[in-house]
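Please keep the sequence and the structure side by side while you go through them.

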Amino acid sequence: MTSADPTRVIAIARAWLGTPYHDQASLRGVGCDCLGLACGVWREVVGPEPFPIPPYSRDWGETGPREVLAEGARRMMIEVSPAEAGPGALVLFRMKPRAIAKHVGILTCPDSFLHAYERLGVIEEPLTPSWRRRIAFAFLFPQR
C-alpha cells in the first residue's frame, strides 16, 4: 500500500479549520469531533469509509484490553512508529496514563497538528511536549 501525498492530506485537513465541535459528527463547516475530522479527511483523500464507525464513548480515561481506534486504523491505513510520523500522519493520543487511545489528530508540520476539540472546534496548534508524549499510534493515509 502506498501512502497519500502528505501535502494533499494537510491541505484537505486544513479546509476543516473552524468547523464547530459536534460529538460523533463529520460534516466540514457544520460539525465534527476528532474522529469525524479523520473520517472526513479520509473521504476526501481516499474515498468512502470501508466500514461504518460504531458509536463510541467520550471517556478519555477509559481502560480496557483493546485499542479499538488503533485496530480500526490498522485495517485501512499504513501504521508507522510514532517517532517516524511526519506531516500528514494521523496520530492517536492516549489522554491519560494506562487509558486506551481515544483522541485523534493530523500532523501538519513537525511541531503542529490539527484536531477537533470540545468547545473549540477544529483547530491547529503546537505539538507541545505534553501532546507529543501522549501519541500512542501513528498511521499514514493510503493513496486512492
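1. Is Glu 67 buried or exposed? Glu 67 is buried, because its relative accessible area is 16%, where buried means under 20%, exposed over 50% and partly exposed in between, with a 1.4 Å probe and protein chains only.

2. The model is predicted, so that local features need pLDDT of at least 70 and side-chain atom pairs count only at pLDDT 80 or more, while totals for chains, interfaces and linings use all residues. Residues are numbered from 1 along each chain as its sequence is written, and side-chain values use heavy atoms, with hydrogens and water left out.

3. Glu 67 sits in the loop between H2 and H3, helices being DSSP runs of H or I with at least four residues and strands runs of E with at least two, numbered from the N terminus. Leaving aside residues up to four places away in sequence, Glu 67 touches Arg 94, Ala 99, Ile 100, Ala 101 and Phe 137, contact meaning heavy atoms within 4.5 Å.

4. Six strands form an open sheet in the order E3-E8-E4-E5-E6-E7, with antiparallel pairing; two strands pair if DSSP finds at least two bridges between them. At the edges are strand E3 (78-80) and strand E7 (121-126), each of which pairs on one side only.

5. Within this sheet, E4 (residues 90-93) and E5 (residues 103-109) pair in the antiparallel sense over four bridges, and Val 91 stands opposite Gly 105 in E5.

6. Helix H3 (residues 68-76) lies across E3, E4, E5 and strand E8 (135-140), running at about 15° to E8; axes are lines fitted to C-alpha atoms, for helices over the stretch in contact, and angles run from 0 to 180 degrees between N-to-C directions.
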